[in-house]
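Welcome! Try each task before reading its solution.

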Amino acid sequence: MQQAELQAQRIRAAMWFLLPMIAALAFVAAYPLLRSIYFSFTDTTLTSLYTGQWVGFDNYLNWRTLPSGRTIYRGTLVDPAWWNAVWNTVRFAFVSVSIEAILGLMVALVLNANFHGRGLVRAAILIPWAIPTIVSAKMWAWMLNDQFGIVNDMLFNIGLISEKIAWTANVDTAMWAVLMVDIWKTTPFMALLCLAGLQMIPRDVYEASKIDGVHPIKVFFKITLPLVKPALMVAIIFRMLDALRIFDLVYVLTPNSAATKTMSVISRENLIEFDKFAYGSAQSTLLFLMIALFVTLYIWLGKVDLSGDKQ
Amino acid sequence: MKKSVKKAGLNKAVLLGAVMSALLASSAYAAEINFVSGAVGKDIEIFKELVKPWEKDTGNTVKIVPMPSSTTDQFAQYRLWLSAGNTDVDVYQTDVIWAPQLADQFLDLTEAAKDVVKDHFPSIIESQTADGKLVALPLFTDAPALYYRKDLLEKYGASVPKTWEELTATAKKIQEAERAAGSKDLWGFVFQGNAYEGLTCDALEWVKSFGGGQIVEADGTISVNNPKAVAALDLAKSWVGGISPAGVLSYGEEESRGIWQTGNAVFMRNWPYAYALGNGDDSKVKDKFDVTTLPSGGDNGKSAATLGGWNVAVSKYSKNPDVAISLAKFLTSKETQKQRALKGSQLPTIVSLYDDADIKAQQPIIPRWKDVFMQAVPRPSAPTKVKYNEVSSKFWSAVHSTLSGKGTAAENLEVLEADLTEMKGKGW
C-alpha cells in the first residue's frame with residue numbers, strides 16, 4: 001500500500017521534470033511539423049500566409065477532365081521533377097551511407113589499436129566533421145573549380161586527366177562531387193560512433209581467440225563485427241536520417257542542377273522561390289513520411305534495439 | 001517604512017520611464033537605417049563612401065547588411081523576411097525583375113519621387129511600377145557588353161566581331177594559336193552558364209539577337225519555340241568544351257570575370273562592373289581590353305542586351321519610413337549616381353548624366369554604353385507577374401540541359417513551350 005503510494009509519487013515527480021522538455025519539443029518540433037502538414041492541404045502562398053483556403057489533397061494529386069474528354073493529372077505525386085528528386089536523394093543516401101559505414105569502421109579499427117600519438121590522431125580525424133557544412137562545401141567548391149581548382153591541378157600534373165574536368169557543372173560528375181564531399185565530411189562521425197562500440201568489447205575475448213590461434217580475419221567477422229553491430233546500426237540510422245534530408249551541401253555545390261536536386265532542395269524551391277508555398281509544404285510532408293517509412297523499415301528489418309535495454 | 005519603499009519603487013519607475021522616453025526620442029532624431037544589398041566586386045566599399053554625405057547631413061547612420069552575389073539567393077531571403085514582416089531591414093536593393101513580385105511589401109514612392117521621376121529613363125521607371133505603384137527608385141542600370149582583348153585581336157589581325165558566328169570563328173582561331181604558343185589555359189569566350197537567373201539573361205540575348213523573340217512577349221504570348229531560337233541555342237551548345245571551358249556551365253558573373261581578369265579569355269560577356277575592376281592595378285588585362293555591343297545572330301543584324309540594374313525599395317515594415325525614404329532618394333539622386341558612375345563604372349539611370357563632362361573624362365566607357373542601353377531588352381517579368389521566377393527557372397533549365405548535351409535545342413524548347421503553356425493556363 002505504502003509502496004504503491006511511493007510509486008505514484010515518483011511518477012508524479014518524473015512528470016514534473018519531463019514537462020519543460022515536452023513543452024519545448026511540442027513548441028519547436030511538433031507545432032512546425034503539424035503546421036506544414038496543415039499548409040499542404042491549403043492554397044497558401046507566402047503573401048497570404050494566414051488566409052489560405054482548405055483544398056484537400058489537391059497539392060498531392062488532382063485531376064480534371066478536359067473538354068476533349070481527356071483526363072489530366074496534376075500534383076506532387078505525378079510531378080516528374082519531384083520523383084527525380086526522390087530518386088536523387090535515395091541514391092545519394094544509400095551510396096553515401098554505405099561507403100561511410102565501411103570507411104568509418106575501418107578508421108575506427110585503426111584508432112582502436114594501440115600506437116604512439118593515438119590521442120592526437122583521434123582528434124585530428126574529427127576536423128572535417130567539426131567544420132560547418134556550408135564552409136566545407138564552399139571550400140570544396142573552390143577546390144573542385146575547373147580552372148583554378150587544386151583537384152584538377154593535381155590530377156592534371158600527375159597525368160591522370162588530360163583536360164580539366166568541370167566536376168560540379170557536368171551532369172555525369174555532379175552527383176559524385178557531392179558524394180565525395182559528403183563522405184569526406186561524415187566518415188569521422190561514423191568512425192567515432194564505431195569506435196565507441198569497439199571500446200565496449202571486452203579485451204578477454206580477443207585474448208582467448210589469440211591463445212586459440214584464430215586467424216585475424218575470422219576474429220573480425222566472428223567476434224568484432226557481431227559485437228559492434230548494435231553501435232554500427234544506430235550510427236547508420238543517424239546517418240540515414242541526415243542523408244535523406246541533405247540540403248546545404250547540394251545547395252552550395254550544385255544549386256539548380258537536376259542531376260543532384262534532392263527532396264529538401266526542391267521543396268524549398270517551391271516554398272520560397274516559386275511562391276507555391278502549399279505545394280512545397282506537400283513535398284516536405286512527403287519527405288517527412290518517407291524518412292519515417294525508411295526508419296521503421298530499417299528498425300524492423302535490422303531488429304535494432306533503440307531502447308538500450310539488455311535482452 | 002513600507003510606504004517609503006513603495007515610493008522609492010515608484011520613483012525608480014518614473015526615472016526609468018524618463019530614460020526610456022529620452023532614448024526613444026533621441027533615436028527618432030538619429031535613426032539607424034539597415035540597408036541590404038548583394039555584394040559584387042567593390043560594391044560595399046563604394047556604398048560606404050557614397051552614403052557618408054547623407055549620414056553627415058541628417059545625423060542618421062546606415063548599417064549595410066551584405067548578401068551573397070547571386071540574385072536568386074537574395075530574392076529567396078528577402079521574400080522570407082518580407083512575408084514575416086521583418087522590421088530590422090528598412091531599405092532593400094532590388095533587382096529590376098522583382099517589382100511585380102514584391103510590390104505588396106514595399107511602400108509606394110510615387111509621392112516622394114514626383115519631382116525626380118522625369119529625369120530617369122522612362123523604361124526603367126516603368127519597369128519599377130506595378131499597378132500604378134512606384135515600388136522602387138532606380139539606383140543604377142545595367143546592360144551587358146562584349147569585352148574583348150584588343151591586344152590579342154590586333155596580334156592576329158582579327159576585327160571586332162559583329163555576329164556570334166564571327167565571334168565563334170575568331171575565338172577559335174586565337175585560342176588554337178595561343179595554345180600552340182604555350183598559353184594552355186587560354187579560352188575563347190566566357191559567359192554565365194550556371195543554371196540561375198544569369199543564364200536566363202545570357203540566353204535571352206542569344207535568342208533575341210537571332211530574331212527569336214523574348215521568351216514571353218509583352219502581350220503574354222509564349223514565343224520561345226521557334227527555329228531562330230533553336231539556331232541560337234545550337235550555336236551556344238557548340239561553344240561549351242570548344243571555345244568555352246566545360247566548367248562554364250557552373251559559372252556566374254564572378255567566375256567568368258576570374259578567368260577573364262587573369263588574362264585567360266579572349267572574349268567575355270559581362271556587366272559594366274567588370275570594366276573598372278579589369279582596369280584595376282592588380283588586373284592582368286589592364287589597358288589590354290575594350291568593350292563593344294554584343295554581337296547579333298544569323299542575318300538578324302540587331303544585337304540585344306538584357307536590361308539589368310538595381311533599385312532601392314523601402315520596406316512597409318520599416319520603423320523609420322520617412323528616414324528610409326530620404327535615404328532612398330539620396331542614393332538615387334543625380335549627384336550620388338554621378339559619384340557611383342565615377343567610382344564603380346555603374347551606369348546612371350538619369351539621362352543627362354550620359355553627357356556629363358566629368359564622367360566623360362574619367363569613365364569614357366559610360367557615354368558609349370548609351371548605345372548598348374538603347375538595345376536593351378527586358379526579361380518577361382512584367383507579363384508573367386508572380387510566375388516570373390518559375391518561368392525563368394524553366395527557361396534556364398531548358399538552356400542548361402541543351403548546353404550540357406541533355407536533349408537537343410529543338411527538343412528542349414518544345415518541352416519548354418508545353419510547360420509554359422500549362423503554367424500560363426488561362427492567363428499569367
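**Exercise 1.** Which are the buried residues of helix 10 of chain B?

Solution. Keep in mind that this is a predicted model. A residue counts as buried if 20 or more other C-beta atoms lie within 10 Å of its own. In helix 10 of chain B, the buried residues are B:Glu253, B:Glu255, B:Ser256, B:Arg257, B:Ile259, B:Trp260 and B:Gln261.

**Exercise 2.** Explain why helix 10 of chain B is largely enclosed, and find its packing partners.

Solution. Start with the extent: the helix covers residues 253–261 of chain B. Seven of these nine residues are buried, so the rest of the structure largely encloses the helix. Next, look at what the buried residues pack against within chain B: strand 7 (145–149), strand 8 (187–190), strand 9 (265–270), helix 8 (197–209) and helix 11 (273–278). Finally, look past the helix: B:Gly263 follows, with a positive phi near 80 degrees.

**Exercise 3.** Compare the radius of gyration of chain B with that of a compact globule.

Solution. For 428 residues, a compact globule would have a radius of gyration near 22 Å. Chain B has 25 Å, which agrees. Its C-alpha trace spans about 95 × 55 × 40 Å along the principal axes, and 51% of its residues are buried. Chain B has 18 helices and 13 strands.

**Exercise 4.** How many residues of chain A are in contact with chain B?

Solution. On the chain A side there are 20 residues, in contact with 23 residues of chain B. Sorted by class, the chain A side has 10 nonpolar, six polar and four charged residues.

Definitions and conventions. Residues are numbered from 1 along each chain as its sequence is written. Chains are lettered from A and ligands numbered from 1 in the order in which they are written. This is a predicted model: local features need pLDDT of at least 70, side-chain atom pairs count only at pLDDT 80 or more; totals for chains, interfaces and linings use all residues. Two residues are in contact if their C-beta atoms, placed from the backbone, lie within 7 Å. Ala, Val, Leu, Ile, Met, Phe, Trp, Tyr, Cys and Pro count as nonpolar, Asp, Glu, Lys and Arg as charged, and the others, Gly among them, as polar. A residue is buried if 20 or more other C-beta atoms lie within 10 Å of its own, exposed if 12 or fewer, and partly exposed in between; C-beta atoms are placed from the backbone. Helices (H or I, at least four residues) and strands (E, at least two) are DSSP runs, numbered from the N terminus. The radius of gyration is taken over C-alpha atoms; the globule rule is 2.2 Å times the number of residues to the power 0.38.
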